[in-house]
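Here's a quick tour for anyone opening this one for the first time. Have a look at the sequence and the model, then read on.

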2 protein chains.
Amino acid sequence: MKKATPKSRSVTVSDVAREAKVSKATAARVLGGYGAVSDKVHADVMAAAKALDYRPNELARSMTTGKSGIIGVVVGDIENPFFSLAVRGISDAARAAGFNVILANSGEQIEVEKAAVRLLIGKRVDGLIVTPAESRDISHLRDIYRSGRPLALLDRALPDLDVDTVTVDDRDVAMRATRILVEAGHREIAYVTAVDADGGRFRDLTQIYTSSVRERIEGFLAVCHDAGIADPKRHVHLGATSPEETCRIATKLLSPSDRPTAILASDSLIGLEIFKVILALGLSVPKDISLITFHDADWTSVTSPPITVVDQPVYSLGKSVAELLIRRLQGDTRPAERLVLPTSIIERGSVGSPPKRSLETAG
Amino acid sequence: MKKATPKSRSVTVSDVAREAKVSKATAARVLGGYGAVSDKVHADVMAAAKALDYRPNELARSMTTGKSGIIGVVVGDIENPFFSLAVRGISDAARAAGFNVILANSGEQIEVEKAAVRLLIGKRVDGLIVTPAESRDISHLRDIYRSGRPLALLDRALPDLDVDTVTVDDRDVAMRATRILVEAGHREIAYVTAVDADGGRFRDLTQIYTSSVRERIEGFLAVCHDAGIADPKRHVHLGATSPEETCRIATKLLSPSDRPTAILASDSLIGLEIFKVILALGLSVPKDISLITFHDADWTSVTSPPITVVDQPVYSLGKSVAELLIRRLQGDTRPAERLVLPTSIIERGSVGSPPKRSLETAG
DNA sequence: ATTATCATTGAGACCGGTCTCAATTAGTGT
DNA sequence: ACACTAATTGAGACCGGTCTCAATGATAAT
C-alpha cells in the first residue's frame with residue numbers, strides 16, 4: 001500500500017533477457033551488438049526488446065566502455081557568429097563520425113574555462129576542443145592531456161602545448177589587410193580588438209595572452225612600421241569586449257579631430273559596432289574613414305558601401321579541428337599536427353583614400 | 001613484460017579511501033558531500049584526494065543518482081542567429097541553476113530530431129527543450145514525457161502536448177506587421193517563409209505543421225483578407241529553407257513586372273537574402289519595394305535604409321523556457337504553463353508607400 | 001554503574017551496462 | 001562411433017560512484 005508508483009523504472013537488459021528467456025549476457029550481446037548469437041536467439045531478443053520498448057542506458061554503457069561518444073567543446077562566446085559557425089563545423093564533423101557535442105562557453109574568462117574543462121572531464125568526454133582564453137594559465141589544459149584524453153586547439157595556438165591545433169594565418173592576413181590600408185594612402189590606422197588587459201592601454205605584445213589576437217597585432221604593427229608610421233602602438237585599442245565597450249571606444253576614437261583615417265576591427269561584432277558609430281556620427285565610409293573587419297559576417301555585404309573583410313574559413317576551422325580530434329580518438333598516434341588554414345581578403349567598398357587632412361602627416 | 005602501461009587509470013574513491021586509511025563508504029561521503037563525518041576524517045580524506053588528484057567520475061555518479069545535471073536542447077539550426085541567441089538564454093539560465101547543456105540541431109528534419117531525442121534520452125539528460133519541427137509526428141516527444149523526464153517546448157506550441165511551452169505572439173505580431181504594410185498602401189504583399197511543403201506551393205494552413213509559421217501566415221492572411229485583398233494565399237511562398245533556395249525564390253518573386261510592392265520575411269536569414277537580391281536587381285528600398293523581416297538581426301540596423309523588423313524577445317524566450325524546465329526539474333508539479341511573450345515592431349526605414357503602379361489595384 | 005541515544009564508520013548491495021571465462025552443444029574428420 | 005574443434009550460451013565480476021543498514025564507540029540520562 002505504501003509503495004508508491006515505481007516511477008516507471010526503465011527497461012534494462014535483464015528485463016529483456018527474462019522476457020526472451022535467455023541469460024542477461026546473451027541479451028546484452030544482441031542489444032549491444034557485440035558477441036555472436038544464433039539467429040533464433042537474436043530474433044527472440046529483438047522481439048522482446050521491441051515488446052518492452054527497451055532503450056539502452058548510454059550512461060551505463062559509457063561507464064563500462066570508458067567512451068562516452070561525446071566531444072566537449074569550450075568556446076569563447078557562442079553568440080559570436082565566428083564561434084557559432086565554427087561550432088557548426090565541429091558538430092557536422094562530429095555527427096558524421098558518430099560523435100556528439102557538448103558545448104560550454106567561457107565568456108573568455110579563464111576561471112569559467114577551467115570550470116568547464118573540469119566538468120567536461122568529469123563527464124568523461126572522449127576528447128576536448130578548446131579555444132584557450134589565455135596562454136598564461138594552461139594548467140587545466142595540461143590536466144586534460146594528463147588524463148589521457150586528446151585535446152585539440154581551435155583558432156588559438158599554444159606554443160607550450162604540443163597538441164593538434166588548427167588556426168588561420170592571422171599574422172599574415174593582418175599584414176595584408178593593413179597593407180591594403182597603407183597602400184590606399186592611410187597613415188593613421190587604428191586597430192580595435194576585444195582582449196582586455198591593463199584597462200585597455202596597449203603597451204606591448206607581451207601583455208596579450210591570446211595568440212590569434214597577438215599575431216594580428218604583430219602583423220598590423222609590422223606593416224605600419226615598414227611603412228614608416230611613427231609609434232604605431234598608440235593606434236592599438238584593447239578592451240572592446242562588449243557592444244557597450246566597443247561603442248565607448250569607437251565614439252572616443254572617432255570624435256576628436258585627430259581621428260584615424262582607417263580602422264581595422266578584430267572581429268565582426270566590433271566591426272559592426274564601429275560601423276554603427278560611424279553612421280551615428282554622420283561620417284561616410286570610405287570618404288571620411290576606411291574600415292576593414294575580420295570575419296565575413298552576413299551584415300558586411302549589405303551595407304552601403306559593403307565592407308571589405310578578412311574572410312577566415314571559419315566553418316573549415318571547426319570541421320578540421322574536429323576531424324583531427326576524431327582521428328586521434330580513433331587511435332591515430334602521429335605527432336601533433338598544427339594546421340594553419342589560409343585566409344583571404346574580400347575587397348568590397350569600404351576602403352578608399354584618406355581625406356586630405358592626413359596628407360600632412362605623410363612621410 | 002607484456003602488460004602495457006596501465007593507461008593511467010583514473011583515481012577512484014577506493015583509491016582515496018585506501019590512501020586516507022578509511023573505508024570506501026566514508027571516503028565517498030566526504031567526496032560526494034553527503035553523509036556526516038568527523039572533522040578529522042574529513043580533513044584526512046580531502047588531503048588524500050588532493051594528493052592523488054582525485055576527480056569524480058560524473059558518469060558513475062549520474063548512473064546511481066539517476067540525475068545527470070544535463071539539459072538536452074534540440075533546435076532547428078544553431079547557425080540561425082535566432083536559435084543561437086535563444087540557446088544563449090538557455091545556457092545562461094542553466095548555468096545559473098547548476099545545469100549543463102548538451103546541444104543537438106535537427107536541421108528542421110523530423111528524422112534527425114527523433115534521433116537526437118532518442119540519443120539524449122539515452123544519455124539520461126534530466127530534461128529536454130525542443131523546438132519541434134513538425135506537429136504531425138510527435139511520438140518521440142510523447143516518449144520523453146512517458147520516460148518521466150520533463151519536456152519544454154521552445155518557440156513552437158503543440159496543442160496536443162500539454163507541457164511547459166514558451167512562444168511569442170506570432171499571430172498577433174504578424175497581423176501588426178502586415179497592417180503596417182497595408183496602411184502604407186500596399187495591396188500586393190508577399191510572405192516568404194522557410195517551411196517546406198508540397199514543393200513550395202501554398203494551398204492552405206493545414207499543410208503547415210510548424211505552429212509558429214502557421215500562426216504567422218494566419219495573421220498575415222487575416223489582415224490581407226480584412227483589407228479586401230483578393231486571394232492573399234497566392235502571396236505566400238514556402239520553401240526558403242536555405243540561402244540558395246531563398247535566393248531562387250526572391251529572384252523569381254522580384255523579377256516579373258507584377259512583383260509585389262512589399263515583402264514580409266519570416267526570419268532574418270530569409271530577410272537578408274531577399275535584401276541581397278533586391279540590391280542585386282538594382283531596386284531601391286522602400287521606393288520600389290517595402291520590406292519587413294522577423295528577428296532584429298544585427299544587419300538590419302546598418303543597411304541603407306535600416307530595416308523595419310519584428311523584434312522577438314529571443315534571449316528571454318530561451319531563458320524563460322529553461323527556467324520553466326528547471327523549476328519542473330526541481331520538483332514543481334504545477335500544471336503545464338504556456339507562456340506567450342510579447343513582441344514589438346521596430347519601425348525603421350524600409351517601409352514606404354508602394355510605387356504608383358500598385359494604385360491600379362487599389363480597392 | 002547501566003542502559004538508551006546519537007554520531008561515526010564500515011560492509012556490501014545496487015545502478016545498467018560490458019566483458020571474460022568456463023560450460024554446453026553442435027559440427028567434423030577418420 | 002570417438003576424439004577434437006568451433007560456435008553458443010550462461011554465470012558472474014567489474015566500472016565508480018551512491019546509499020542502506022548494521023556495528024562500533026562515545027556521550028547522556030537514570
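Let's begin with strand 1 (residues 70-75) of chain B: six of its six residues are buried, so this strand is largely enclosed by the rest of the structure. Buried here means that 20 or more other C-beta atoms lie within 10 Å of a residue's own, exposed means 12 or fewer, and partly exposed is in between, with C-beta atoms placed from the backbone. Strands (E, at least two residues) and helices (H or I, at least four) are DSSP runs numbered from the N terminus.

Keep in mind that this is a predicted model: local features need pLDDT of at least 70, side-chain atom pairs count only at pLDDT 80 or more, and totals for chains, interfaces and linings use all residues. Residues are numbered from 1 along each chain as its sequence is written, while chains are lettered from A and ligands numbered from 1 in the order in which they are written.

**More on strand 1 of chain B**
- Both faces of the strand are covered, with I70(B), G72(B) and V74(B) buried on one side and I71(B), V73(B) and V75(B) buried on the other.
- Strand 1 runs parallel to strand 2 of chain B, and six bridges join them; strands count as paired if DSSP finds at least two bridges between them.
- Across from I70(B) you'll find N100(B), in strand 2 of chain B.

**A six-stranded sheet in chain B**
- Strands of a sheet pair through backbone hydrogen bonds, either parallel or antiparallel.
- This sheet is open, has mixed pairing, and runs in the order 7-6-8-9-10-12.
- Its edges are strand 7 (236-237) and strand 12 of chain B, each of which pairs on one side only.
- Strand 9 (residues 290-294) and strand 10 (residues 308-311) of chain B pair in the parallel sense over three bridges, and T293(B) stands opposite V309(B) in strand 10.
- S344(B) and P313(B) are 31 residues apart along the chain, yet their C-alpha atoms are separated by 8.5 Å.

**One residue to look up: G271(B)**
- G271(B) belongs to helix 11 of chain B and counts as buried, because it has 29 C-beta neighbours inside 10 Å.
- Setting aside neighbours within four places in sequence, G271(B) is in contact with A265(B), L291(B), T293(B) and I307(B); contact means that C-beta atoms, placed from the backbone, lie within 7 Å.
- The C-alpha atoms of G271(B) and A250(B), 21 residues apart along the chain, are separated by 9.8 Å.

**How the two chains meet**
- In all, 39 residues of chain B touch 40 residues of chain A.
- On the chain B side, the elements giving two or more residues are helix 4 (58-65), helix 5 (81-96), strand 2 (100-105), helix 6 (110-122) and helix 11 (268-280).
- Strand 2 of chain B gives the largest share of that side, six residues.
- By class, the chain B side has 18 nonpolar, twelve polar and nine charged residues; Ala, Val, Leu, Ile, Met, Phe, Trp, Tyr, Cys and Pro count as nonpolar, Asp, Glu, Lys and Arg as charged, and the others, Gly among them, as polar.

**Around the DNA**
- DNA strand D is surrounded by 28 residues, the closest being S23(A), A25(A), T26(A), A28(B) and G32(B); near means that a C-beta atom, placed from the backbone, lies within 6 Å.
- The largest share of the surface near DNA strand D, five residues, comes from helix 4 of chain B.
- For DNA strand C, A28(A), G32(A), S23(B), A25(B) and T26(B) come nearest among the 28 residues around it.
- Helix 4 of chain A gives the largest share of the surface near DNA strand C, five residues.

Notes
Two residues are in contact if their C-beta atoms, placed from the backbone, lie within 7 Å.
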